[in-house]
Amino acid sequence: MSANTYAFIALFVLSAALAIGLFFPLRDALQGLLQHTVRLPDGVTFYLRSFFVLLFFSAMAGALGFTSDLKPGSYFMEYVWKVASGLSNVLAQMLLCLGGYLVLTTIILASLKIKDDK
Amino acid sequence: MTNDRYLIVSYFAVAAMTITFAGTTWLYLRGSFRGITQALSSGNLSRILKAMFPVGLFLPAFLGFLSVSYRGCGKSYEDIVKERSYLVQINQEQISSILLWIVAALLFWDLVILFALRFRRTSNQSSGESPDIRLP
């Protein structure tokens, strides 16, 4: 396997870890919020699962959308910079999707909660 | 394996991956989606939503797959198959595009469910029924 392949695998594993590492700390709070607003067990499950798919797929899309084309014999740090550059691509994709989900959660809160607060 | 053969194999492999990604997402969410549609109503809306859900995942996934072109910058077939790295790069772009279109489709379905839930709550309140779970 070439060093480019190793760099790609490292980026792929880091992206997956990032998505999973972001999902688990947020899961309980999001579940509580959804239980309070959606108040339908299947609805809560659907929104939680779609959040996981959203995070995971956006991270994978960011990692796959990046190509490492360093020549053989490049320095170690050049590969590190390449992985870091790919990771910034992953973070940008995840941030975009997180923003979309945040907007969605706000709409859920605004449209389903306000009516019960009246 | 020649580049020409690689192009053929990888193209159909990514097409198969499109079905796999969309299918996995559909199977993962199918149970809870069915539960929501059953809770919404037993009428036509529920049936339409259930039928549209897989369509609304598979079509965007295929759109993502088909939207990536090999013929960037007026490349001829010979130019395309000249370099293996170019073919691999396009395959990566295709998979990335598939995943992003599935994400976009999911956000759309989240919105659809939200509007359906709102519609259900509004109709429950206007008919004087109590909500499914009482608030403390």
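How many residues of chain A are in contact with how many residues of chain B? In this predicted model, 29 residues of chain A are in contact with 31 residues of chain B, two residues being in contact if their C-beta atoms, placed from the backbone, lie within 7 Å. Residues are numbered from 1 along each chain as its sequence is written, and chains are lettered from A and ligands numbered from 1 in the order in which they are written. Because the model is predicted, local features need pLDDT of at least 70 and side-chain atom pairs count only at pLDDT 80 or more, whereas totals for chains, interfaces and linings use all residues.

**Figure 1. The side of chain A that touches chain B.** Helix 2 and helix 3 of chain A each supply at least two residues of this side; helices (H or I, at least four residues) and strands (E, at least two) are DSSP runs, numbered from the N terminus. The largest share, 14 residues, comes from helix 2 of chain A. By class, the side divides into 15 nonpolar, eight polar and six charged residues. Here Ala, Val, Leu, Ile, Met, Phe, Trp, Tyr, Cys and Pro count as nonpolar, Asp, Glu, Lys and Arg as charged, and the others, Gly among them, as polar.

**Figure 2. Helix 2 of chain A.** This helix has 24 residues and reaches 34 Å from its first C-alpha to its last, close to the 34 Å expected at 1.5 Å a residue; the expected span is 1.5 Å times one less than the number of residues. Since 18 of the 24 residues are buried, helix 2 of chain A is largely enclosed by the rest of the structure. A residue is buried if 20 or more other C-beta atoms lie within 10 Å of its own, exposed if 12 or fewer, and partly exposed in between, with C-beta atoms placed from the backbone.

**Figure 3. The largest nonpolar core.** Among its 50 residues, A:Leu54, A:Phe57, B:Leu99 and B:Ile102 touch the most other members. Helix 2 of chain A gives the most to this core, with 14 residues. Such a core is a set of buried Ala, Val, Leu, Ile, Met, Phe, Trp, Tyr and Cys residues joined through C-beta atoms within 7 Å. Leaving aside neighbours within four places in sequence, B:Leu99 is in contact with A:Phe57, A:Met60, A:Ala61 and B:Phe21.

**Figure 4. Surroundings of A:Ile108.** A:Ile108 lies in helix 3 (residues 76–117) of chain A and counts as buried because it has 22 C-beta neighbours inside 10 Å. Not counting residues up to four places away in sequence, A:Ile108 touches A:Thr37, A:Val38 and B:Leu114. A:Thr37 is 71 residues from A:Ile108 along the chain, yet their C-alpha atoms are separated by 7.4 Å.

**Figure 5. The loop that holds B:Arg71.** Chain B follows the pattern α-α-α-α along its sequence, and B:Arg71 is found in the loop between helix 2 and helix 3 (77–82). With 10 other C-beta atoms within 10 Å, B:Arg71 is exposed. B:Gly56, 15 residues apart from B:Arg71 in sequence, is 28 Å apart from B:Arg71 in space, C-alpha to C-alpha.
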